[in-house]
Amino acid sequence: MSADVSTPAERFPDSAGHFGRFGGRFVPEALVAALDELDAVYRKAMTDEEFLAEFAALLRDYAGTPSLLYSAERFSAKVGARVLLKREDLNHTGAHKVRNVLGQALLTRRMGKRRVIAETGAGQHGVAAATAAALFDLECVVYMGEVDTERQALNVARMRMLGATVVPVTTGSRTLKDAMNEAMRDWVANVDDTHYLIGTAAGPHPFPEMVRDFVRGIGDEARQQCLDLTGGLPDAVLACVGGGSNALGIFHAFVPDTEVRLYGFEAGGEGVDTDRHAASITGGSAGVLHGARTYVLQNADGQTIESHSISAGLDYPGVGPEHAWLHDTGRARYQPVTDREAMAAFELLCRTEGIIPAIESAHALAGVVQVAPQLAAELGREPVLVVNLSGRGDKDVHTAGEYFGILDKEQ
Amino acid sequence: MSRIGVAFDKARADGRAVLVGCMPAGFPTVEGSIAAMTAMVEAGVDVIEVEIPYSDPVMDGPVIQKASDIALAGGVRTADTLRIIEAVAATGAPVVTMTYWNPIEQYGVDAFARDLAAAGGTGLITPDLIPDEAGEWLAASDAHGLDRTFLVSPSSTDARLRMTVEHCRGFVYATAIMGVTGARSQTSDAAPVLVSRLREVTELPVGVGLGVGTGAQAATVAGYADGVIVGSALIRRLLEAPDLDAGLAALRTLSAELAEGVRNPTR
């Protein structure tokens, strides 16, 4: 850890959770007391040696971090950049999300609550939440859109195996955003004994800041690992952005390093010029969704529009408010990656490195292909890129198999 | 004083509570919702609460969600809501608008306040806008003479109750239970406690909502509150009816039962 350089010059967000004009709390009054309690417990925990030691021990002994920073030589040769992969895919449960759920489960215990609820799209966060709930002996209820429970039956079984109750959500578009609505409704009704274990750096204050702080170890580690490996900082840091926790996790340590470019890649689906994408920043507009002001896919009346992405984990019509702010300030750049570009990068990593990435993470790999030539031209040399390989692709084998047409008929 | 304030004063003088009836704009159609709200007024509902349908209504239970989905699928726009408000206000009943925040932000906060005032609306109930985030709405409602109803909850601290009522005008909305909208078989124990806590910090009329669906429940709530707010139970009459005429008849019957309830407070 390098606390001296990873602490930004000014604190963000402000004490009410505003990142510039974004963030804040757009919630029923009924939740304010619980959000205030969470904020107080979280703030106390972040300066409490005992909490920090417990969290660090869990991350090391249970989650298997720090994750490796791996120099992907064969992939690098294909894309014209030196690519260093932050191997969050090797964590327990297969993604960066385990860091967040362990932090929030520890807080749940500190608040004396016995029940956690979570929303999930593809099921990855649901599996992570169910994992932490099993470890901490908490009751766990996961809300999942009915459409997603059908698409991701294996993850439903996984959550049930871990002891969680999976509730299929049949309202609205029956996907992630509706699962989040239903989790909020549960929370309003059961806030006394229940913590809402949000899966990404979105929602009302303090969730965006808190989730970022629980996953910021990704960037703290990667920054030091890059210094150790190359003797310097990278030219750019790249990550995929859905809700945006893996990207904030790796960006945060680099925000004060103004010479390091930050790139977030949104799910461009079939193209941001079509109505089938999930690119809230590059294809949406400022609005209020799920408790915060941020970029949202919406119509002129402020009704949320359904998103589309081949990656269920990026298939969400909003984005964490800190990303909206990093975009407005110009500190990070956001670009869309289409389904097609992501799947080409997915295949390239499989074939050059023997690593099957999550389709989410493949969007960041496709981002490498987008920016490497332009950075090389700008710098006059091969750029050094740190890429967050935020999750592994086991869960995506069926989707990818169908996409590439490599499944036998009976599969 | 606002028209809502006048309605509360008049009811108080008559020794009864105000009956507020809620209906989503454009449910089941634009014309159907005007007919429904007019029928409610004719059957004794004092104040009509027009809810702007929203794609992600996190404070609403299954009945209002379904009605909102039907309205949105029918293509209702924010501008239609203003037209509905104008038509219902013409009946003479005060009309208050209930809305999640994003539709207002996208319309333009000041523009919406201006157009709402012009349509004859009295103000806004804002379930996901707390005074902490309401700077633009405070200014726009002042500029256009509109009421502001923020919600308070059994979980609100005393400090937040005080802060919230300072920003309210017209009436305060006390949510009777920790939960979302929808009729329940029992009235809440938490609501009378919350109302008496509010009496310590404000002279404003207090409306109680969430979970009220029968004349008897309305009478109970009228025993300690100034207003009884009913939504899901009324909307269900339309949802479950075989056609609009049958729905309107059922709506009239329940409205009359509730109107009888608020006139016979259980003390």
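Helix H6 (residues 124–136) of chain A lies across strand E5 (115–120) and strand E6 of chain A, at about 165° to E5(A). Angles run from 0 to 180 degrees between N-to-C directions, with axes fitted to C-alpha atoms, for helices over the stretch in contact. Contact means that two C-beta atoms, placed from the backbone, lie within 7 Å. Helices (H or I, at least four residues) and strands (E, at least two) are DSSP runs, numbered from the N terminus.

This is a predicted model, in which local features need pLDDT of at least 70 and side-chain atom pairs count only at pLDDT 80 or more, while totals for chains, interfaces and linings use all residues. Residues are numbered from 1 along each chain as its sequence is written, and chains are lettered from A and ligands numbered from 1 in the order in which they are written.

**The sheet in chain A**

Four strands form an open sheet in the order E7-E6-E5-E8 (chain A), with parallel pairing. Pairing requires at least two DSSP bridges between two strands. E7 and strand E8 (194–196) of chain A each have a single partner strand, so one side of each is left without a neighbour in the sheet. Neighbouring strands are turned by 25° against each other on average, direction ignored. Strand E6 (residues 139–145) of chain A pairs with E7(A) in the parallel sense over five bridges. Gly145(A) stands opposite Val169(A) in E7(A).

**A helix pair in chain B**

Two packed helices are described by the angle between their axes and the distance between the axes. In chain B, the axes of helix H11 (residues 232–240) and helix H12 (residues 244–263) come within 7 Å and cross at roughly 155°. That makes H11(B) roughly antiparallel to H12(B); the term covers angles over 145 degrees. Ala233(B), Leu234(B), Arg237(B) and Leu238(B) in H11(B) meet residues of H12(B) including Gly247(B), Ala250(B) and Leu254(B). Ala, Val, Leu, Ile, Met, Phe, Trp, Tyr, Cys and Pro count as nonpolar, Asp, Glu, Lys and Arg as charged, and the others, Gly among them, as polar.

**Where the chains meet**

The contact takes 32 residues from chain B and 28 residues from chain A. On the chain B side, helix H3 (62–73), helix H5 (101–107), strand E6 (151–152) and helix H8 (158–167) each supply at least two residues. H5(B) gives the most, with five residues. The chain B side divides into 13 nonpolar, twelve polar and seven charged residues.

Val152(B) lies in strand E6 of chain B. Val152(B) is buried, with 27 other C-beta atoms within 10 Å. Buried means 20 or more such atoms, exposed 12 or fewer, and partly exposed in between. Not counting residues up to four places away in sequence, Val152(B) touches Glu29(A), as well as chain B residues including Leu161(B), Val172(B) and Leu198(B).

**Backbone exceptions**

Most residues other than glycine have a negative phi, and most peptide bonds are trans. These cases depart from that.

| Site | Feature | Value |
|---|---|---|
| Thr65(A) to Pro66(A) | cis peptide bond | omega near 0° |
| Phe27(B) and Pro28(B) | cis peptide bond | omega about -5° |
| Arg174(A) | positive phi | near 60° |
| His290(A) | positive phi | about 50° |

Pro66(A) is in the loop between helix H3 (49–63) and strand E3 (69–71) of chain A. Pro28(B) sits in the loop between strand E1 (18–24) and helix H2 (30–42) of chain B. Arg174(A) counts as partly exposed, with 18 C-beta neighbours inside 10 Å. His290(A) counts as buried, with 27 inside 10 Å.

Terms used. Parallel < 35°, antiparallel > 145°, perpendicular 65-115°, else oblique.
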